[in-house]
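Open the model in your viewer and keep the selection tool ready.

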Amino acid sequence: MNIIFLGPPGAGKGTHAADFSKELGIPHISTGEIFREAVKNETPIGLKAKEFMDRGELVPDEVVVDVVLDRLKRDDCQKGYILDGFPRSLPQAEMLGQKSDSELTAVIYFETCKDVILMRLTGRWMCRGCGKGYHIKNLPPKVAGVCDECAGELYQRADDKVDTIEHRLTVYNQETKTLIDYYKNKDILIQVNGDFEKQEGHEELEGVFTKLKSNASC
Ligand code: AP5
Ligand code: MG
């Protein structure tokens, strides 16, 4: 199961990837999370990525591709992976195709409308400790400001301000949207409804994964 979750910011990629990574027993690899961790630890890659992330721009392709290819070589990716937020440009998709040994099973595209995206991202809170995501209305923590899982402090992402969200959407439309046709032409694109509430979206994805598993065992 080598899966890509493709879609605009706020489509629910990270939320669903976290759940299905557990259900399928394969790692959830979020390039955004890798970079946020690098920024927190002030590594050379983090220092480079920060300026792009804060502006809502893409981190340069060559930086991202090396990080992902390294990550895919780890043992835990033997049975598969869910890539969340990568690739995000045509060069990234082409480099993944050329340089990774693993063949893609499917690219799941979350079609999501702008109103839903804005509502989700302006209400999102994240845990500083374990990275778990919450939403002020849709997925509130039991205690305000505190993570249910690890009791870590919750914070709002610096790029979840309305202006930066708008810019991320522009970048998505200019750089990433083209990957829908790219993977459609390879016959591995599966579209799901990113506007669905979490439970409904989960059920739709369960159907998708059941079909993929039965295709794999044929
Ligand atoms: P990244 O962290 O990947 O951000 P993003 O793609 O903008 O996506 P988000 O994480 O904002 O959205 P999501 O779809 O994961 O939504 P979530 O599940 O959290 O990247 C950040 C930055 O890193 C980029 O801008 C760039 O600078 C850099 N970067 C990363 N990858 C890169 C790459 N490949 N190339 C270059 N640069 C790269 O959900 C959002 C909220 O909604 C949450 O609060 C959640 O609780 C709620 N929610 C989710 N689903 C539902 C639902 N179905 N119903 C109700 N509420 C829901
Ligand atoms: Mg995410």
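Buried means under 20% relative accessible area, exposed means over 50%, and partly exposed lies in between (1.4 Å probe, protein chains only). This is a predicted model, where local features need pLDDT of at least 70, side-chain atom pairs count only at pLDDT 80 or more, and totals for chains, interfaces and linings use all residues. Residues are numbered from 1 along each chain as its sequence is written, chains are lettered from A and ligands numbered from 1 in the order written, and side-chain values use heavy atoms, without hydrogens or water.

**Stop one: Ser21.** Select Ser21; is this residue buried or exposed? Ser21 has a relative accessible area of 14%, so it counts as buried. Ser21 sits in helix α1, residues 13–24 (helices are DSSP runs of H or I, at least four residues; strands are runs of E, at least two; both are numbered from the N terminus). Now show its contacts (heavy atoms within 4.5 Å). Leaving aside residues up to four places away in sequence, Ser21 touches Ile26, Pro27, His28 and Ile82.

**Stop two: ligand 1.** Select the residues around ligand 1 (a heavy atom within 4 Å). There are 33, and Thr15, Glu57, Arg88, Arg124 and Arg168 come nearest. Helix α1 returns here: α1, α2 (31–40), α6 (114–122) and β6 (133–135) each supply at least two residues of this shell.

**Stop three: polar contacts.** Look for pairs of N or O atoms within 3.5 Å. A polar side-chain atom of Thr15 is 2.5 Å from an oxygen atom of ligand 1. A backbone N or O atom of Gly85 lies 2.9 Å from a ligand 1 nitrogen atom.

Technical notes
Polar contact = N/O pair within 3.5 Å; in protein donor to acceptor, adjacent residues only side chain to side chain.
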